[in-house]
Amino acid sequence: MADTYEIAEGLLGEEPTVTVSAPDGRTRAVLALHGATLLSWQVTRGTTGQRRERTERTDRTEPAESAEPPEPAEVVELAELTDGYRDETELLSQDGVRAGLLAPFPNRVADGRYHHDGRGHDLLPGRVGDRTIYHGFARETPFRLVGATMTADSARLRLRSTSIRPGRYAGYPFALDLDVEYTIGHRELAIEIRATNVGETTAPYASGWHPYFTLSRPIDDLVLQIPAHTLIRTDASLIPLPGKEALLPLDRCPDLDFRTPRKLGDAVIDACFADLAPGPDGRTETVLSDPATGDELRIWQHGGYLHVFTGDTLARDRRASIALEPVETTTDAFNRPELATALSLEPGRQREFRFGVTYRP
């Protein structure tokens with residue numbers, strides 16, 4: 001058995017991947033370099049000390065009565081806790097944005113257009129009809145593994161992309177380097193995404209993550225708790241209403257108030273929650289739990305908002321998992337004047353956003 005976490009290169013179809021495994025085999029994560037995308041996160045669930053007796057022997061002679069019984073082999077059973085892309089076709093299609101890293105903007109930009117520093121920009125030039133654009137470019141950007149640190153307790157991987165440059169993505173004439181750091185421990189996965197403005201002009205920028213979580217049963221049976229005090233109100237296109245009209249106290253919206261844990265049932269949600277209350281350690285925790293087993297996932301973040309999507313329109317396995325998305329800012333942030341200063345990333349400056357998930361069986 002290895003003494004430290006191990007990393008192995010692989011392929012999903014023709015797309016490069018890296019697999020991280022714990023020394024005892026009780027944690028395993030798979031990442032695609034395409035978008036630095038988490039494909040799978042598996043952890044032992046419940047009791048891990050079960051043992052199975054060895055039933056095959058090369059020597060068929062009956063042992064003497066005084067012989068020691070064979071040492072039983074430990075059984076390690078891994079449970080999948082995320083619902084990621086299953087094959088290369090899904091990864092490249094980006095349907096559902098499964099575990100996508102969202103940068104330089106999360107969620108939608110209304111009509112694919114925005115103004116920055118007095119200039120108009122069109123993210124979908126020449127497009128007529130449906131002009132929906134969402135979740136930025138990072139999720140489809142090639143990354144490379146530039147560093148890895150393995151210890152007995154965790155693996156830390158650093159992936160980098162230098163692909164966001166003027167002329168590469170329509171309507172975004174800015175230059176960013178993106179560094180994504182994954183830290184994979186016994187029952188926790190942490191992510192930090194950091195952007196560096198390597199250009200000569202200030203860039204609008206925000207980030208987030210779009211994971212789908214599962215506890216091996218339909219989400220209707222699961223219990224959700226969100227420590228948020230405000231709901232972001234939107235129009236029919238899921239674009240937030242202007243200014244303070246977008247802020248709805250959850251006291252006035254009991255159907256979406258999850259401050260007290262309650263079962264999801266048949267609730268259909270595609271909404272952003274604001275005014276998240278941090279714990280003593282400064283991070284906010286949203287809790288998804290299974291009342292039948294007591295298992296829970298704690299999705300944590302430092303600052304920002306939480307977007308929730310119950311997966312009702314996914315191409316496969318609708319409502320089999322739930323998207324609990326830490327995001328730095330609201331939908332259509334590029335078009336909200338009150339967020340212009342917060343979004344502005346000046347030349348030579350960096351900004352990071354930290355989030356992750358902890359499993360408690």
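Start with Arg 217 and Asp 290: their side chains meet in a salt bridge, 2.5 Å from N to O. Keep in mind that this is a predicted model. Where do Arg 217 and Asp 290 lie? Arg 217 is in the loop between E17 and strand E18 (223-225). Asp 290 is in the loop between strand E23 (284-289) and strand E24 (296-301). So the pair ties together parts that are 73 residues apart in sequence. Arg 217 is partly exposed, at 28% relative accessibility. Asp 290 is buried, at 3%.

Asp 83, Arg 86, Glu 90, Arg 98, Arg 316 and Asp 317 are joined by salt bridges that share partners. The count for the structure comes to 26 salt bridges.

Here is another pair. Arg 165 bridges to Asp 177, with the closest N and O atoms 2.7 Å apart. Arg 165 sits in the loop between strand E12 (155-164) and strand E13 (176-184), and Asp 177 is in strand E13, so this pair ties together parts 12 residues apart in sequence. Arg 165 is partly exposed at 27%. Asp 177 is buried at 16%.

And one more: Asp 122 with Arg 131, at 2.6 Å, N to O. Asp 122 is partly exposed, with a relative accessible area of 23%. Arg 131 is buried, at 9%.

Now rings. How many aromatic pairs does a search of the whole structure find? It finds 10. One of them is Tyr 212 with Phe 309, edge-to-face, 6.4 Å centre to centre and 70 degrees between the planes. Tyr 212 lies in strand E17 and Phe 309 in strand E25, so the pair ties together parts 97 residues apart in sequence. Both residues are buried. Ring pairs also link a cluster: Phe 105, Tyr 114, Phe 137, Tyr 169, Tyr 172, Phe 174 and Phe 334.

Charges over rings, quickly. The charged end of Arg 262 sits over the ring of Phe 258, 4.1 Å from its centre. Arg 283 lies over the face of Trp 300, at 4.3 Å from the ring centre.

Last, Arg 351, in strand E28 (residues 350-360). Arg 351 is buried, yet has no salt bridge. The nearest side chain of opposite charge is Glu 328, 4.7 Å away. What does the side chain of Arg 351 reach at 3.0 Å? The backbone oxygen of Ser 344. The backbone oxygen of Leu 343 lies 3.4 Å from a polar atom of that side chain. Arg 351 also touches other residues, including Ile 193, Ala 195 and Tyr 205.

Conventions. Residues numbered from 1 in each chain as written. Predicted model: local features only at pLDDT ≥ 70, side-chain atom pairs only at ≥ 80, totals over all residues. Heavy atoms only, no water. Helix = DSSP H or I, 4+ residues; strand = E, 2+ residues; numbered from the N terminus. Buried < 20%, exposed > 50% of the residue type's maximum accessible area, 1.4 Å probe, protein only. Lys, Arg positive; Asp, Glu negative; His and termini not counted. Salt bridge = Lys/Arg side-chain N within 4 Å of Asp/Glu carboxyl O. Polar contact = N/O pair within 3.5 Å; in protein donor to acceptor, adjacent residues only side chain to side chain. Contact = heavy atoms within 4.5 Å. Phe/Tyr/Trp six-rings, centres within 6.5 Å; stacked < 30°, edge-to-face > 60°. Lys NZ or Arg CZ within 6 Å of the ring centre and 35° of its normal. Lists of a residue's contacts leave out its neighbours within four places in sequence.
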